[in-house]
Amino acid sequence: MNIASLAPLAVVLPILGAALTFLLIRHSRAQRAVSIALLSLTLALECLLLASAWNSGTAAVTIGGWLPPWGIVMVVDQFSSLMLVVSSAVSLAVLVYATGQGMADGDHDAPVSIFHPTYLILVAGVSNAFLSGDLFNLYVGFEILLTASYVLMTLGGTGPRIRAGVTYVVVSVVSSVLFLIAIAMVYGATGTVNMADLAIKLGGLDQGTRTLLHVMLLVAFGIKAAVFPLSFWLPDSYPTAPAPVTAVFAGLLTKVGVYAMVRTETLLFPGDTLNTPLMVVALLTMVVGILGALAQSDIKRLLSFTLVSHIGYMVFGLAMSSAVGLAAAVFYVAHHITIQTSLFLVTGLIERRGGSSSVDRLGGLAKLSPMLALLFFIPGMNLAGIPPFSGFLGKVGLIQAGIELGTPLAYALVVGGVVTSLLTLLAVARVWNRAFWRRPTDAEHPDPVLLAPASARISGPGAKLNTVTLLPRTMVGSTAGLVVLGVALTVFAGPLFGLSDRAARDMLDRAPYIQSVLGSDVQVPAPAGGGGTR
């Protein structure tokens, strides 16, 4: 049996899990067991899909008996299968973390009856977007995950969460409407929304029409990916959600937008004329994002700005239009999903242990909780790109691609990338110095939790003090597992870079994708813009 034929199960299993957990609405333990078991099964399946793509190349699965380009098609290649595995591994770690938090808090802030079904629907939407072989099904994947994210963001119903949720909803609806309009225009111009078919037919359009469609899709995906200047909504939206929700949003949602940009740029608009604007956007996203991070005193807001900043690295690699640049971008996406999620989970632990996520109120955490200090230090250094971590390796690949291109703008991107990395190190070092290294009494507004001994046992109105200082083992264990996964990306960087390079070359070649969907006898046209793969 062809393993790739099981690809639809990556979407079906989480949806089945959502239905089962909803039926178990009054049985919280059963809900937790079902959601973790089905997400673990989904991850195992996706590992098989990745192995299949590595050994057998790109494969397409048609659904419903309708042949392409009319029917729904899912495509499994190295890039999509890698994104599936990384996203599900991160989602599983966050789910275990959320389960531990729910058990410790009695599920008051995140009702388990709501959280688990919605979370699994979010995972299904992400998987559907990664596997989609046509623009409309990609739109459906976005809407599934966005609908679930609306619910997750407003869990608890607090004022700040509702206000942030309103902003998030408005921005998401605008981007979805733009995407839907772009799909309608593409269909009107070509008569199809199948991406393999579009890769052939878009070349027959005049340059003005192609550019208009290209820009429409880029803007829609740019909002979802939070590239500058379309990233204004993210720093105010993500930090207000519960820690597990913020972590999975930061790790996954913007990367689905990046995935869509990479897929459409390489498959539908290869060698086109918008690489220069993409380079400018990448540079501004890196620099403006990290400058915003340096101005923050709240760790969650700081990480939200670094999230925006490091999206610029991914656009940097995409804009190079070379195998080296694209391979580095694919590697960096996998790296960043893992590291950024880890840091947001650690921030949730910091807030729980120290009573706040503001560095103005923190101090002495390295002495109070050495394990917490280690869990922050490793992904923090990885995010900053300190050797020999995967963040450094990914940035070296991007710098190599910029130097190979050799244009003034490419060199500006190289310089901007190095400066952004140094400023990221400065931002992380400031958090470390203030939250972990200094004494609690030196904090500007020290939280009472930090001034009380860790072994304090207080009853009555002050009992909350003791619950804040304790870190549930499940939450620490899941965070540690994700940190270890980030280190594994460094240890196995060679094979991962090999996979990224194969994925990049196949995407730039386009023939493996197009012929897996439409048949091996289909002729793949040369890039319309005259560009080639370097």
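Mentor: The structure holds 5 salt bridges, a salt bridge being a side-chain nitrogen of Lys or Arg within 4 Å of a carboxyl oxygen of Asp or Glu. This is a predicted model, where local features need pLDDT of at least 70, side-chain atom pairs count only at pLDDT 80 or more, and totals for chains, interfaces and linings use all residues. Residues are numbered from 1 along each chain as its sequence is written, and side-chain values use heavy atoms, with hydrogens and water left out.

Trainee: Which residue does Arg263 form a salt bridge with?

Mentor: Asp77, with the closest N and O atoms 2.9 Å apart. That pair links distant parts of the chain, 186 residues apart: Arg263 is in helix H10 (residues 243-267), and Asp77 is in the loop between strand E2 (72-76) and helix H3 (78-105). Helices (H or I, at least four residues) and strands (E, at least two) are DSSP runs, numbered from the N terminus.

Trainee: Is Arg263 buried or exposed?

Mentor: Buried, at a relative accessible area of 3%. Asp77 is buried too, at 5%. The cut-offs are under 20% relative accessible area for buried, over 50% for exposed, and partly exposed in between (1.4 Å probe, protein chains only).

Trainee: What about Glu351, which side chain does that one meet in a salt bridge?

Mentor: Lys300, at 3.5 Å, N to O. Glu351 sits in helix H13 (residues 323-354) and Lys300 in helix H12 (residues 299-319), 51 residues apart. Glu351 is partly exposed at 30%, whereas Lys300 is buried at 14%.

Trainee: And Arg434?

Mentor: The side chain of Arg434 meets that of Asp360 at 2.7 Å, N to O. Arg434 belongs to helix H17 (residues 408-437), and Asp360 lies in the loop between H13 and helix H14 (365-368), 74 residues away.

Trainee: New topic: how many residues does H16 have?

Mentor: 16, covering residues 390-405, and H16 reaches 23 Å from its first C-alpha to its last, close to the 22 Å expected at 1.5 Å a residue. The expected span is 1.5 Å times one less than the number of residues.

Trainee: Which residues in H16 are buried?

Mentor: Among them are Gly391, Gly394, Leu398 and Ala401. Down the axis of H16, its buried residues fall within an arc of 150°, so they line one face of the helix. The arc is that of the directions from the helix axis to the C-beta atoms.

Trainee: What covers the buried residues of H16?

Mentor: The cover includes H12, H13, H17 and helix H20 (473-491). Just after H16, Gly406 takes a positive phi of about 80°.

Note on methods. Contact means heavy atoms within 4.5 Å.
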